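Subject: Handing over a structure, with notes

Dear colleague,

I am passing the structure below on to you, and I would be grateful if you could look it over with the notes that follow.

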Amino acid sequence: MAIRSLTSRRELEQHSFPPAVTILVPLVAVLLQALLPRPFPKLGVLELPLMITVFFAVSRRNPVAGTLIGAVIGLLQDALTSNPIGVNGMAKSVIGYIGASISLQIDVDNVTTRFLMNFVFYLLNRALLFLVNRRLLGIGNFHVQWGHELFYALINAVIAVPIFLLLDRTKRLEE
C-alpha cells in the first residue's frame, strides 16, 4: 500500500543558491544586457535579465521571493539603460510572481515547460512594458511590432533553455 506524504511539493523541491551565484548571475546578465547591444546591435533582442528572473523565481518556488527577485533585477536594468526607473522593475516583478506561482503547480524542470515559459513570459514582459510606457507614463512613441516580438520570443526561449541547464548546476536543495 502506497503511503502519501503530507509534505507539499514546494517543501520538497525548493532550491537555494550560493550567495555568489545569487548576486553575480543577475548582475552579469544586466551588465551584458546593457553593454552587448552597443558593439553588437542584433543582440539587443536578447532579454537576459528576464531569463534570470524566470529561472530564480521558478527555482525558489516562492511568490514573494519571485516578486522581489524580479523587482531587483528590473530596477538594476532600468538603472543601466535609458528607461525610466521602475518600468522594468514593475514588469519583472509581475513575471517573478507569476513564475514562482506557476512553479508550485507544474513541473518547471522539464525542457519543454521551460521553453514555453520563456516564450510566454517574453511576450508578457513586452506587453507589460508597452502598457506601462504608453498608458502609465504616456510615452506616445513607444511602439511594439508584435510580429517581430513573436520571433524575438522564440529566440529568447531557445537561448534560455541552455542557460537554465547551466544554472541548474548551481542549485542546492534546501533542507
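Before the aromatic pairs, a word on the term: rings of Phe, Tyr and Trp (its six-membered ring) are taken to pair if their centres lie within 6.5 Å, and a pair is called stacked when the planes are under 30 degrees apart, edge-to-face when they are over 60, and tilted for the rest. Please bear in mind that this is a predicted model, in which local features need a pLDDT of at least 70 and side-chain atom pairs count only at pLDDT 80 or more, whereas totals for chains, interfaces and linings use all residues. Residues are numbered from 1 along each chain as its sequence is written, and side-chain values use heavy atoms, with hydrogens and water left out.

Aromatic pairs

Searching the whole structure gives 5 aromatic pairs. One of them joins Phe-17 and Phe-55 in a tilted arrangement, with 5.7 Å from centre to centre and 55° between the planes. This pair links distant parts of the chain, since Phe-17 sits in the loop between β1 (15-16) and α2 while Phe-55 belongs to helix α3 (residues 48-60), 38 residues apart; helices (H or I, at least four residues) and strands (E, at least two) are DSSP runs, numbered from the N terminus. Phe-17 is buried, with a relative accessible area of 4%, and Phe-55 is also counted as buried, at 0%, where buried means under 20% relative accessible area, exposed means over 50%, and partly exposed lies in between (1.4 Å probe, protein chains only). The rings of Phe-55 and Phe-56 have centres 5.6 Å apart and planes at 70°, so this pair is edge-to-face, and Phe-56 is buried at a relative accessible area of 3%. Ring pairs also link Phe-17, Phe-55, Phe-56 and Phe-164 into a cluster.

The nonpolar core

Which residues touch the most other members of the largest nonpolar core? In this core of 33 residues, they are Val-25, Ile-52, Val-54, Phe-55, Phe-56, Ile-95 and Met-117, a nonpolar core being a set of buried Ala, Val, Leu, Ile, Met, Phe, Trp, Tyr and Cys residues joined through side-chain atoms within 4.5 Å. At least two residues of this core come from each of α2, α3, α4, α5 (87-103), α6 (111-136) and α7 (146-168), and the largest share, 8 residues, is supplied by α3. Leaving aside residues up to four places away in sequence, Met-117 touches Val-54, Val-58 and Val-108, contact meaning heavy atoms within 4.5 Å. Asn-118 lies in helix α6 and counts as buried at 4% relative accessibility; with the exclusion of residues up to four places away in sequence, Asn-118 touches Met-51, Val-54, Ala-157, Ala-160 and Phe-164.

Salt bridges

Side chains of opposite charge can pair when their charged atoms come close. The structure holds 7 salt bridges, each defined as a side-chain nitrogen of Lys or Arg within 4 Å of a carboxyl oxygen of Asp or Glu. In one of these, the side chains of Asp-109 and Arg-61 meet at 3.7 Å, N to O. Asp-109 lies in the loop between α5 and α6 and Arg-61 in the loop between α3 and α4, so the pair ties together parts that are 48 residues apart in sequence. Asp-109 is partly exposed at 35% relative accessibility, whereas Arg-61 is buried at 1%. Asp-109 also forms a salt bridge with Lys-171, the closest N and O atoms being 3.4 Å apart. This second pair again links distant parts of the chain, with Lys-171 in the loop between α7 and β2 (172-173) and Asp-109 in the loop between α5 and α6, 62 residues apart. Lys-171 counts as buried, at 19% relative accessibility. A network of salt bridges links Arg-61, Asp-109, Arg-114, Asp-168 and Lys-171.

Elsewhere, Arg-126 forms a salt bridge with Glu-149, with the closest N and O atoms 3.4 Å apart. Here Arg-126 in helix α6 is linked with Glu-149 in helix α7, 23 residues apart, and both Arg-126 and Glu-149 are buried.

With kind regards
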